[in-house]
Amino acid sequence: MHHINLDTYVLITASMVIATFIIRFSIIGLAGRFNMPERFKKTLRFVPVTVLPAIIAVSILGSGEHMEFNLHNPKVLAAIVCTLVSFKFDLIWVVISGIASLLFFQYFLCYLC
């Protein structure tokens with residue numbers, strides 16, 4: 001395993017921040033200067049809705065050989081709790097219930113092992 005020193009780490013992180021800012025700012029700055037077709041606007045509205053579950057699903061279930069979709073996975077149980085809480089309560093309660101249930105299930109399932 002290669003180790004990088006702090007200066008290199010800070011330089012890489014700062015470069016990534018600047019590059020990300022330039023890319024996003026240029027798109028945001030240009031977005032108001034030209035008319036986008038309605039179809040394109042409609043498609044852009046669905047991007048977060050489609051990307052976020054894909055990111056969350058991989059985080060919860062894992063990927064490849066490490067994919068685990070069963071009730072022994074504390075992340076799956078916490079996701080079920082979050083989903084149920086989201087039907088009735090605001091986002092903050094979903095986050096709080098997610099953290100609490102994940103910690104609970106991680107402790108509880110490890111305690112049973």
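Modeller: Before we start: a residue is called buried when its relative accessible area is under 20%. And keep in mind that this is a predicted model.

Colleague: Fine. So is L109 buried or exposed?

Modeller: L109 counts as buried, because its relative accessibility is 17% and the cut-off is under 20%.

Colleague: Which helix is L109 in?

Modeller: L109 sits in helix α4.

Colleague: And what does L109 touch, skipping its neighbours within four places in sequence?

Modeller: With those left aside, L109 is in contact with L71, H72, N73, P74 and L77.

Colleague: How far is L109 from A54?

Modeller: C-alpha to C-alpha, L109 and A54 are 26 Å apart in space, and they are 55 residues apart in sequence.

Colleague: Okay, over to S101. Where does S101 lie, and is S101 buried or exposed?

Modeller: S101 is in helix α4, which covers residues 91–112. S101 is buried, with a relative accessible area of 8%.

Colleague: What is S101 in contact with, again leaving out neighbours within four places in sequence?

Modeller: That would be A78 and V81.

Colleague: Changing topic: what span should helix α2 have, and how far apart are its ends?

Modeller: α2 runs over residues 38–61, so its 24 residues at 1.5 Å a residue should span 34 Å. The end C-alpha atoms are 36 Å apart, which agrees.

Colleague: Where does α2 bend?

Modeller: At F46, by about 30°, and a proline, P48, follows within four residues.

Colleague: What comes just after α2?

Modeller: G62, which takes a positive phi of about 85°.

Terms used:
Residues are numbered from 1 along each chain as its sequence is written. This is a predicted model: local features need pLDDT of at least 70, side-chain atom pairs count only at pLDDT 80 or more; totals for chains, interfaces and linings use all residues. Side-chain values use heavy atoms; hydrogens and water are left out. Helices (H or I, at least four residues) and strands (E, at least two) are DSSP runs, numbered from the N terminus. Buried means under 20% relative accessible area, exposed over 50%, partly exposed in between (1.4 Å probe, protein chains only). Contact means heavy atoms within 4.5 Å. The expected span of a helix is 1.5 Å times one less than its number of residues. The bend at a residue is the angle between axes fitted to the seven residues ending there and the seven starting there.
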